[in-house]
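Let's take a walk through this protein together, one spot at a time. Have the sequence and the 3D view handy.

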Number of protein chains: 2
Amino acid sequence: MNVMKRIAQSALKKTLIVAMATGAMFSTQAFAAEKVYRLKLAETWGANFPIFGDATKNMAKMANEMSNGRLEIRIDSANKHKAPLGVFDMVKSGQYDMGHSGSYYWKGKVPNTLYFTSMPFGMLPAEQYAWFYYGGGMDLMNQVYSPHNLLSFPGGNTEFQMGGWFQKEINSVDDLKGLKMRIPGFAGEIMAELGAKPTNIAPGELYTALERRTIDALEWVGPSLDLRMGFHKIAPYYYTGWHEPGSELQFLVNKQVWEKLPADLQEILRISMKTAAYDMYIQAVHESGKNWASIKTEYPNVKVKDFPPEVMDALRAANDKLLKEHASQDPLAKEIQASQAAYLKEVRAWTDISTKAYLDNEAK
Amino acid sequence: MNVMKRIAQSALKKTLIVAMATGAMFSTQAFAAEKVYRLKLAETWGANFPIFGDATKNMAKMANEMSNGRLEIRIDSANKHKAPLGVFDMVKSGQYDMGHSGSYYWKGKVPNTLYFTSMPFGMLPAEQYAWFYYGGGMDLMNQVYSPHNLLSFPGGNTEFQMGGWFQKEINSVDDLKGLKMRIPGFAGEIMAELGAKPTNIAPGELYTALERRTIDALEWVGPSLDLRMGFHKIAPYYYTGWHEPGSELQFLVNKQVWEKLPADLQEILRISMKTAAYDMYIQAVHESGKNWASIKTEYPNVKVKDFPPEVMDALRAANDKLLKEHASQDPLAKEIQASQAAYLKEVRAWTDISTKAYLDNEAK
């Protein structure tokens, strides 16, 4: 809030108090315009975590400045609340007003949450935003979260994710058998189908787990974040991606908290979250480009590999099989899958004639 | 503004008036928080023009709701102000407070404005947003617009543009000679270099110009908007794109108008413009996918063509030659070109290992 505004607000409050003291007509609603709403947000990430943590700070700053200080959002990182993968529960119960996390982290609790981050062989970031905002995705996400006293909003796209860091080369499906890998979401189920041992581990513990060989491999994000995590120092192979073509984080808001906000602050919060999400996507593109360049120059020993076609075929077959299983068990899962599949088919035909044809031609 | 807020504001005003009447201490600054700012925006597009016109309406609605009615933006379309390509001058002079148009429309007036829409063989939408917001693009745009009493902001991406509608097939560079084509920006200069006769025509007159053969060809946007313009009824060939891989529209704001806004309304306006721009990009992706599908089913007679390699090579050679000429005449042009070229090189290496590799693999 700038200084002039503080003075103006202070003067306004004094005036109202004097007005009351002098017996002037007064409505308590007049104070509503001045009331400061203080919300607490729990994020899955550690303090000053880059990009993901920038999204929450960016959101809180926009909300504060646009509301002229009437909306104050305090961000508690994982080192504060100690429950990085407890964000869903803490916002549901009202212990926190808001959260910032990843929808697919909750699939053990609410299976249909897995569809709102990124799906293997699924949509790219812009395609998925189009599905969320113009293709029915927001409605479907709301159907999944509403019974849990939660509103969920897109929370920032990580941009296309790499396939992960591996201690040993993957030359066949056999090489996946028994492989202990940190890989969350539906991709983890696919890996399990092929004999791997998937697990999810909080971000702050990933480096140690890979270094001490608690796990043999991990996927985290891509060059935008992986280099800062230091994985290139402890694993030689970096595989290209298939499983998270455009992972969208999420903002969670407790329903009662949302409903108590005045209409203008609801809109300020909604737009601050939406813009912070878009901004994070663009920041991730930027950081990816920059860090990809530095891999090439500063870390020439990193071995960038594609999974062999045999492995890709097996991953895709397992993906299709597991999707069918989920759909057969739950009508809403079936509906979400059908919506995503139809949308992907339509939008990808356009992406192929435009972006893909252009990139192919430019690379010649 | 919702009803409760109106009541609250009304009560607040009454209270302050009573406070004044009773001789209570009063600061005029208290009223500043309540003052309604009314801005007029001129857009290049006609009334209810889809997508582009949705961006201005979306922006004005967000600004109004987030400010609780303190920021009212009236939108005048081209049929009202009658000067679709006069938006730059009208906002510069203060006749309008804001504008919505395309930066490259002003290249005849201020040559360096051409770099802030889309460049032939240039960046894709997300790459270009990354350049604007994280790669120095906003600073460079500001250097170009500031001497003209204007602030310029990204105003919505059209998504990848098609190469245009042609009355006759283009089989060689010779087929471009003498071709009268509506094609603005730098691409128009390239076409002229190869012997074509480029022109810019206001959107509302395009259909008639192509129908009456005032022009032989035109590019407008892509499937998102072209189908509604009806060009497929009057030109048989639809060429794939090369010249506008991610055209960004622009919001213009008169500098004095901006400076008079309180800090919170500046932030509300800035975020409303930014979000409306991102939203338009995603809406354009959605509409492109939908309309591309309908071309395939409803208009099977449209002949979708690629320019032959000979023509593409000539276009690229002309592009490189003309860029060098512009750079040699103006140090700022040289600086902008260098910034864009360096950014494109870095970010495209990442796009190729991520998006392109993924799309290539998925298309197999």
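Predicted model: local features only at pLDDT ≥ 70, side-chain atom pairs only at ≥ 80, totals over all residues.

**A tucked-away tryptophan**

You'll find A:W220 in the loop between strand 8 (217–218) and helix 10 (223–229) of chain A. An unreviewed UniProt entry marks A:W220 with the annotation "binding site".

What is A:W220 in contact with, leaving aside its neighbours within four places in sequence? Its contacts include A:W45, A:F49, A:F52, A:Y105 and A:R182.

Several of those names have rings, so let's talk about rings. Across all chains, the whole structure holds 48 aromatic pairs. One of them joins A:W45 and A:F49 in a tilted arrangement, with 6.4 Å from centre to centre and 35 degrees between the planes. Both A:W45 and A:F49 are buried.

Now hop over to chain B. Here B:F49 and B:W220 pair edge-to-face, with centres 6.0 Å apart and planes at 90 degrees. This pair ties together distant parts of the chain, as the two residues are 171 residues apart. B:F49 is buried at 11% relative accessible area, and B:W220 is buried too, at 3%. Ring pairs also link B:F49 and B:W220 into a cluster whose members include B:W45, B:F88 and B:Y145.

Last stop: helix 8 (residues 185–193) of chain B, where 7 of the 9 residues are buried. Among what covers those buried residues are strand 6 (180–182), strand 7 (197–199) and helix 13 (309–329) of chain B.

Technical notes
Residues numbered from 1 in each chain as written. Chains lettered and ligands numbered in written order. Heavy atoms only, no water. Buried < 20%, exposed > 50% of the residue type's maximum accessible area, 1.4 Å probe, protein only. Helix = DSSP H or I, 4+ residues; strand = E, 2+ residues; numbered from the N terminus. Contact = heavy atoms within 4.5 Å. UniProt positions renumbered as here; feature names shortened; annotations may be inferred. Phe/Tyr/Trp six-rings, centres within 6.5 Å; stacked < 30°, edge-to-face > 60°.
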